[in-house]
Amino acid sequence: MNVRYSDFSVEQLREEVRKLKEKAQKAEQLGNLSEVAINERKMQVAMAYMLNPEDFQPNERYELANDPGHLFKINYINGVFAWGHRVNLLDEVYEAEEAVPISLLGDQIKNSR
């Protein structure tokens, strides 16, 4: 049976995040770092389904939860993923476009210019 996070209730998503966190902790204890990364990524996606994509705006910059040295400038939102570019502390925009779950986006950064 193939169940999608989009079909889950908030309570089911919370339970899924709890289970994935447990799996990641067990994998970490066993030294299986790739399994830790897989479970953490699944957690981020599940948590994204608990957020409202409309709270995130194209052409705005947001803090990145897992990368304090970078901001993320959104080009567009597709489902619970923000597509855009990382921006470093020197305000240089990375060339590669990437998608991140909206759960990784922190506070919106207001332009000081």
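**Cores, strands and ring pairs in a predicted model**

Met 50 lies in the loop between helix 2 (33–48) and strand 1. Helices (H or I, at least four residues) and strands (E, at least two) are DSSP runs, numbered from the N terminus. The model is predicted, so local features need pLDDT of at least 70 and side-chain atom pairs count only at pLDDT 80 or more, while totals for chains, interfaces and linings use all residues. Residues are numbered from 1 along each chain as its sequence is written, and side-chain values use heavy atoms, with hydrogens and water left out.

Met 50 has a relative accessible area of 29% and is therefore partly exposed. Buried means under 20% relative accessible area, exposed means over 50%, and partly exposed lies in between (1.4 Å probe, protein chains only). Leaving aside neighbours within four places in sequence, Met 50 is in contact with Val 10, Leu 13, Arg 14 and Val 17. Contact means heavy atoms within 4.5 Å. Met 50 and Ile 102 are 52 residues apart in sequence. Their C-alpha atoms are 9.8 Å apart in space.

Ile 102 belongs to the largest nonpolar core, which has twelve residues in all. Such a core is a set of buried Ala, Val, Leu, Ile, Met, Phe, Trp, Tyr and Cys residues joined through side-chain atoms within 4.5 Å. Among the other members are Ala 48, Phe 56, Tyr 62, Leu 64, Phe 72 and Val 80. Strand 1 (61–64) and strand 2 (70–78) each supply at least two residues of this core. A second, separate core has seven residues, including Tyr 5, Leu 20, Val 45 and Ala 46. Not counting residues up to four places away in sequence, Ile 102 touches Ala 48, Leu 51, Asn 52, Pro 53, Phe 56, Ile 77, Val 80, Phe 81 and Ala 82.

Strand 2 and strand 3 pair in the antiparallel sense over eight bridges. Two strands pair if DSSP finds at least two bridges between them. These two strands form a hairpin with two residues between them. In the turn, Gly 79 has a positive phi of about 70°. Strand 3 (residues 81–88) is largely enclosed by the rest of the structure, because six of its eight residues are buried. Strand 3 also pairs with strand 4 (residues 98–101), again in the antiparallel sense, over four bridges. Phe 81 stands opposite Pro 101 in strand 4.

His 70 is found in strand 2 and stands opposite Asn 88 in strand 3. At 16% relative accessibility, His 70 counts as buried. The side chain of His 70 makes two polar contacts: one with the side chain of Asp 67 at 2.9 Å, and one with the side chain of Tyr 94 at 2.7 Å. A polar contact is a pair of N or O atoms within 3.5 Å; within protein, one must be able to donate a hydrogen and the other to accept it, and residues adjacent in sequence count only if both atoms are side-chain atoms.

The structure holds four aromatic pairs. Rings of Phe, Tyr and Trp (its six-membered ring) pair if their centres lie within 6.5 Å; planes under 30 degrees apart count as stacked, over 60 as edge-to-face and the rest as tilted. Tyr 5 and Phe 8 form an edge-to-face pair, 5.4 Å centre to centre with 90° between the planes. Tyr 5 counts as buried at 17% relative accessibility, whereas Phe 8 counts as partly exposed at 21%. Ring pairs link Tyr 5, Phe 8 and Tyr 49 into a cluster.
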